[in-house]
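Hi everyone, thanks for making time.

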Amino acid sequence: MDLAAVYEHLTAKPGATETFPFGPQALVLKVKGKMFALLAPEAIPPSVSLKCDPEEAVRLRERYDAVQPGYHLNKKHWNTVLLDGRVPPEEVRALLDASYALVVAGLKKADRDALRDAAGH
């Protein structure tokens, strides 16, 4: 999965907003003010940092060389995925979805309900 496909998938999430709090080299995607992804489009290779269950984070790092502890993030809860083709697209997509779901699960019920309603569920 390349950077453009990752960006398109993330920005299609209900309530997703884009910010550049760290400058133009890091695109942060948030839902209800909470970060769920950080894209580094200018990195070589490009990468995406994603929230992850701590135990799953370790398993992914052991399975894929292209999954590393979150760069400049809490390494227990965040992984950085290098978008160089070493992680299968379906796995990247699942990680994108899981990061969003983890952040949404931590929101207030009213915010979760508003997202669900906005998504038409």
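Before I point at anything, a word on naming: helices (H or I, at least four residues) and strands (E, at least two) are DSSP runs, numbered from the N terminus. What you see is a predicted model, where local features need pLDDT of at least 70, side-chain atom pairs count only at pLDDT 80 or more, and totals for chains, interfaces and linings use all residues. Residues are numbered from 1 along each chain as its sequence is written, and side-chain values use heavy atoms, with hydrogens and water left out.

Let's begin with the sheet. Strands of a sheet pair through backbone hydrogen bonds, either parallel or antiparallel. Here, two strands count as paired if DSSP finds at least two bridges between them. Which order do the six strands take? They run β1-β2-β3-β4-β6-β5, in an open sheet with antiparallel pairing. β1 (16-19) and β5 (67-69) stand at the edges with a single partner strand each, so one side of each has no neighbour in the sheet. From one strand to the next, the twist averages 25 degrees. Angles here run from 0 to 180 degrees between N-to-C directions, and axes are lines fitted to C-alpha atoms, for helices over the stretch in contact.

Now look at β2, residues 27-31, which pairs with β3 over five bridges in the antiparallel sense. One detail there: K30 has M35 of β3 as its bridge partner. Helix α1 (residues 3-11) packs on the sheet and touches β1, β2, β3 and β4, and its direction makes about 165 degrees with that of β3. By contact I mean heavy atoms within 4.5 Å.

Is S99 buried or exposed? S99, in helix α3 (residues 89-105), is buried, because its relative accessible area is 0%. Leaving aside neighbours within four places in sequence, S99 is in contact with F36, L50 and K51. T19 sits in strand β1 and is partly exposed at 24%. With the neighbours within four places again set aside, T19 is in contact with A26, L27, V28 and K30.

On to the backbone. Most residues other than glycine have a negative phi, and most peptide bonds are trans. K32, in the loop between β2 and β3, is not a glycine, yet has a positive phi of about 50 degrees. H72 also has a positive phi, near 60 degrees; you'll find H72 in the loop between β5 and β6, and at 68% relative accessibility it counts as exposed. The peptide bond from I44 to P45 is cis, with omega near -5 degrees, and P45 lies in the loop between β3 and β4.

Finally, the pocket. On a 1 Å grid over the protein atoms alone, a pocket is an open set of points where a 1.4 Å probe fits, with protein on both sides within 12 Å along at least five of seven lines; lining residues have an atom within 4 Å of a point. The largest pocket is lined by 15 residues, with A26, L38, A40, Y71 and H72 nearest its centre. β3 (34-40), β4 (47-51) and β6 (78-82) each supply at least two residues of that lining.

Notes: Buried means under 20% relative accessible area, exposed over 50%, partly exposed in between (1.4 Å probe, protein chains only).
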